[in-house]
2 protein chains.
Amino acid sequence: MASGDSSDSSKKLQEQQQNESSTAHEEDFSQGNYGIMPLIQSKEKIDRQLIPVRDINEKSAKQTIWVRGRLHTSRGKGKQCFLVIRHQSATIQAVVCVSENVSKPMVKFATTITKESVIDVEGEVTLAPTPIESCTQKDVELQVKKMFVVSPAEPRLPLLIEDAMRPDDPTTDGAQAPHANQDTRLDNRVIDLRTPANQAIYRVEAGVCKLFRDTLDAKGFVEIHTPKIISAASEGGANVFQVTYFKSNAYLAQSPQFYKQMAIAADFGKVYTIGAVFRAEDSNTHRHLTEFVGLDLEMAFSYHYHEVVNTIGDLFTQIFKGLAERFVTEIAIINKQFPCEPFEFIEPALRIEYKEGLALLAEAGVQMGSEEDLSTENERILGRIVKAKYHTDFYILDKYPLAVRPFYTMPDPDNPKYSNSYDMFMRGEEILSGAQRIHDSQLLLERVKHHKINIDQIKSYIDAFRYGCPPHGGGGIGLERVLMLYLGLGNVRKTSMFPRDPKRITP
Amino acid sequence: MASGDSSDSSKKLQEQQQNESSTAHEEDFSQGNYGIMPLIQSKEKIDRQLIPVRDINEKSAKQTIWVRGRLHTSRGKGKQCFLVIRHQSATIQAVVCVSENVSKPMVKFATTITKESVIDVEGEVTLAPTPIESCTQKDVELQVKKMFVVSPAEPRLPLLIEDAMRPDDPTTDGAQAPHANQDTRLDNRVIDLRTPANQAIYRVEAGVCKLFRDTLDAKGFVEIHTPKIISAASEGGANVFQVTYFKSNAYLAQSPQFYKQMAIAADFGKVYTIGAVFRAEDSNTHRHLTEFVGLDLEMAFSYHYHEVVNTIGDLFTQIFKGLAERFVTEIAIINKQFPCEPFEFIEPALRIEYKEGLALLAEAGVQMGSEEDLSTENERILGRIVKAKYHTDFYILDKYPLAVRPFYTMPDPDNPKYSNSYDMFMRGEEILSGAQRIHDSQLLLERVKHHKINIDQIKSYIDAFRYGCPPHGGGGIGLERVLMLYLGLGNVRKTSMFPRDPKRITP
């Protein structure tokens, strides 16, 4: 069984170690200072501080410290072995060199450790004679005194970190060397995620969520949680996953739409929710997932839905500012592997009407019907026009044709062909769809009939508006798309830790 | 169709208003100052600040302000009408009184507004001659000048707020009066959620999530998102919902367990995730839901899993402290409807071994086998014993028998019948289950075989440990249970906004 190799490699190392020590027993004065550590099963509490690699710098010089990390690379050279130890995005060079403290067998042991093994190393920090360009900690290195393997990696890695670290772009330097394709990466996601770029991407993703929440908390929003299992295919019926629910059936929610609106009808005023949303859409594109993380918000407003539009516009401004301020290091690491123009935005966010958008497209020779929806391609073209004209990668397109929006969208009071709805775009791709919603049950029923939706299936939603509801609006954001577009990564699978699409539900 | 009543009631009000004005046209000098407002469709931007009811106090006296809220109650009395306006948890009395500014028809109109309608009222704030005990804003009232219905409620409410607000407990004052049962509440959840207690409960719930995240962010954790759609019934196969996935089948994740561990194998160090988890368990109890919100964390540790236990213990301490500090008002509101002993805890958290727990139970006359799991009833009894002895409603029970824990649990190094695992309890009920996990693929395979689990189904999980993984541990918390137990609410349906159980998937 392939999965048994782990202990095999561990055993091989142990045997080798024993052979070394038996043939060269008298001279191995390093015995006890290296080897395979027994499985850490919490047998004892060791009073030892492990220093993160990223924190080791010139100030650490002359200190003897313990470090835990992975063996990134190793290179034996006579009586020395040069190791690079990696911990998350940081790397440091470590030298195992025959000396009065380090025996030959110990150096040899170092050369046998498999790449990606987790190791504990004790060493003295010394200043590097010349900067070590291959490591993030360029000015220091570790003179190894003790080293133990905490968790060995099998010798044959299905994906090499060096390959996973190379830029995709064939025009970029180094692209002649092998680089891993998307499927190989995703099949071996646990290894792929160890690259510096991936370490950074998911920290920035956490940052987007934190900025979303912190900005909305400060504006008086309440975080809520909405059910994913629902009784009926809510928004029209297509593209919904069916679940076997005891002796009956249920469905997976395509969005928290109905529930966040019900929270408004229930007087929560302003709400947001972050959670999984599901789309049973057989789309195999760079921007579709069957399961993604929705950042949703909904708020009661006083008299005009632009109160909502402005709130969301400001939310994005805060997210863009926050990312640029707090994640300088991470963004630089990501750009190294995936080069990209910095994200440009203006404050306050640009808002233009759908009609204006069509006029801009027409000027550029793209003709569309006034009630036609924008195709993905036309969204891109419009994004480029807007960027050239207004110098922003983010903008709001307001007042969509009513015909292309969901049944619960509030019609424009002045022109029934339009609606109080909007999309928001980053680098020419849609990342938020939203609207003022119909808060009157009678008008809602009319629109349900117009759309020929089965009223019985959404009765509890419609009922929510029978007992008074303030005017309200909101929007839903796809987390993975926001991050993909902000970082210019080109594929939403790069911003979903374990992506789901029509062809992939593992790992 | 029942759902059409809304406009009926709206029409009735409008007709009545017209009748009033036609029969008494000459004397209705208030015309234009009251009535049904046209549907707020964002036709115009009105420059008017709506003051939240909770912010109106003695300092507001003599100011003329606009307020939006629901008509909580109204009582016509000759030439006056007393209204209580409710906004979220706050209420204020408003008086519509015939005067030089307010006509008789206007007072009459006020008496016809249906309860729960959303209204806009302009009024002068005056000091109340005697405290208004029935309102939260006791010292002031509003002398109404203008009033408009923004969104009318149908006249017959399926659930009265007064009934929904009464304590459950029959020994409590007022329990003779009708109070709504759980199903009526949940069937009409949008109205039920408007009670002051529910307004407070879900704000405290948001607080638990915020405290969880803020505490872990400060400890260097990274927020991640894990897939809910998985390819195989992961943890043993029972109690899992099946999903139709295009031409094949998939399942809903019972926990983020495998994925948070894979994030550790992928070098994220310390991770947490908040998201929906699913259990297809036909349990109809006060503490089981088929879908709930999991607060999960996982962390690499240096040498002993008690590093994890201490981190989680401190996390709970921070949550309990934070709730007590930040939610004094909300907790008082909740206790008014659902009285409860304050939650007691000690710092650092109490940790006792499973064996000690059994000894304490034995002292109390409860005999159990040493490798037997605690029943719900015995957990309760032990909770009472611990509370009496140590004065804490929270404690950690460490070193469970290996036989009763999942296959990936690390065995105790000194006694193979035990394990490096723990549960945590609030008021004698389990709210967290956790352990050191097996980070060695060989030992993991042995345990998988021992548990007779199909290896093929969890191959990607096992593979995650073949290429080096640091020792790690963690735990999973049920959000709804934590809040139910902290507040002593007795039923997990009270802390899930739209609960899901074997018999309920609506609204």
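These legends walk through several close-up views of a predicted model. Residues are numbered from 1 along each chain as its sequence is written, and chains are lettered from A and ligands numbered from 1 in the order in which they are written. Local features need pLDDT of at least 70 and side-chain atom pairs count only at pLDDT 80 or more, while totals for chains, interfaces and linings use all residues; side-chain values use heavy atoms, with hydrogens and water left out.

**View 1. Helix H6 of chain B and the glycine that follows.** Welcome to H6(B), which covers residues 196-218. Helices here are DSSP runs of H or I with at least four residues, strands are runs of E with at least two, and both are numbered from the N terminus. After H6(B) comes B:Gly220, which has a positive phi near 90°.

View 2. Most peptide bonds are trans. Here, though, the bond from A:Thr506 to A:Pro507 is cis, with omega near -5°. A:Pro507 sits in the segment after helix H14 (479-487) of chain A. In chain B, the bond from B:Thr506 to B:Pro507 is also cis, and its omega is near -10°. B:Pro507 belongs to the segment after helix H14 (479-487) of that chain.

**View 3. Two chain A loop residues with positive phi.** Most residues other than glycine have a negative phi. A:Ser42 is not a glycine, yet its phi is near 65°. You can find A:Ser42 in the loop between strands E1 (34-36) and E2 (64-77), where it is buried at a relative accessible area of 5%. A:Gln88 has a positive phi of about 55° and lies in the loop between strands E3 (80-87) and E4 (90-97). A:Gln88 is buried too, with a relative accessible area of 10%.

View 4. A disulfide is a pair of cysteine sulfur atoms within 2.5 Å, and the count over all chains is zero. B:Cys135 is in no disulfide: its nearest cysteine sulfur, that of B:Cys81, is 13 Å away. B:Cys135 is buried, with a relative accessible area of 2%. A:Cys469 is also buried, at 0%.

Technical notes: The expected span of a helix is 1.5 Å times one less than its number of residues. Buried means under 20% relative accessible area, exposed over 50%, partly exposed in between (1.4 Å probe, protein chains only).
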